[in-house]
Amino acid sequence: MEQQLRTMQSEMDRTIQSVTDMKELDAIRIKYLGKKGELTVLLKQMGKLSAEEKPVIGKIVNETRAHFEDALQKRQAELKQAADTVRLEKERIDITVDRPAFRLGHRNPLQKTMEELEELFISMGYRVEEGPEVELVENNFDKLNTPLHHPSRDLSDTFYFSENTVLRTHTSPVQVRVMMRQEPPIRMVCTGRTFRFDDVDDTHSPMFHQIEGMVIDKNISMANLIDTLNVFVKRLLGEHTKTRFRPHYFPFTEPSAEVDVSCPHCHGDGCAACNFTGWSMELLGCGMVHPNVLRMCGIDPDVYSGFAFGMGIDRITMVKHGIPNIRLLYENDQRFLEQF
Ligand code: DAH
């Protein structure tokens, strides 16, 4: 009987391991432990054993039974785990959604040029100032020494808000605001939107952008202006860039000049892009701040002098990036903006 039990045990171990589902496992349990199960039947025969045999065989039977139940339980757990894994795999939910990826915006190239220009002047010790886009006629024209009959004051050139307010036609009134509230020395730049009654074409827009700069201190001369703008132009357009100061007229500066820069394509030799002149665009207007302006803004022209300059940002941006049409800067077409 002992031998029988041992054989049964190894047989049970083998079958349990070979079982692949719960049903089969249950069948095996019944085969051995059911009412007519092999082990149950053996147990029932115990009565026929001798008094010496009983405890020995009884012990083996109990051990076999415990071992069997143990093995059953283990296999059951294994099967359950395997079944769970299969089920999880089958019921897996795809939590990824197929939709267009989020598209990050791009800053307008104008904005980037403005920041670049500001950084450049900050590095030269200038402070960045601001002024309103709706400006007093007084600041936009009068205090800038612009006479009443000046053509820029005409209704056909300027957007009037009311009799004394306009959409500023340039950033120069910010000079006035700074001088009115601050004692020299002054070193300021200001970037921002400006407005003029212009029809839209490839290079004109009724709204455009300028940067204004002004330095007021004792003993500021034209030499300071020329040197400052030379440094600035080289940093903006490259070390090889040459400048040309042409006499000009602005009501708020005396003397005044316009500055041309050498052609970025031929570096001054002359090519088709610059009409074989060697010079490309007029970059900016500048001059020594007119004594009348200083006086009207509360600064004594016998003590202080200064220079000022102003330039269009749209054109610089277009030249820098080879943008052929100013409208592109304002249409907010993502296909355009994405390139910057
Ligand atoms: N405000 C002038 C314009 O819009 C540009 C300009 C010229 C600004 C000379 C200045 C300056 O500060 O000194 O055309």
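Helix 5 (109–123), strand 4 (186–195) and strand 5 each give at least two residues to the lining of the second largest pocket. Helices (H or I, at least four residues) and strands (E, at least two) are DSSP runs, numbered from the N terminus. This is a predicted model, where local features need pLDDT of at least 70 and side-chain atom pairs pLDDT 80 or more, while totals for chains, interfaces and linings use all residues. Residues are numbered from 1 along each chain as its sequence is written, and side-chain values use heavy atoms, with hydrogens and water left out.

So what's a pocket? On a 1 Å grid over the protein atoms alone, a pocket is an open set of points where a 1.4 Å probe fits, with protein on both sides within 12 Å along at least five of seven lines; lining residues have an atom within 4 Å of a point.

Now look at the largest pocket, at about 1,200 Å³. Here 45 residues form the lining, with Arg196, Phe208, Gln210, Phe250 and Gly312 closest to the centre. Among the elements giving two or more residues are strand 5 (207–217), strand 8 (279–289) and helix 10 (313–321). Strand 8 gives the most, with seven.

How values were computed
Grid points are joined across faces, edges and corners, and a volume is the space filled by probe spheres set on the points.
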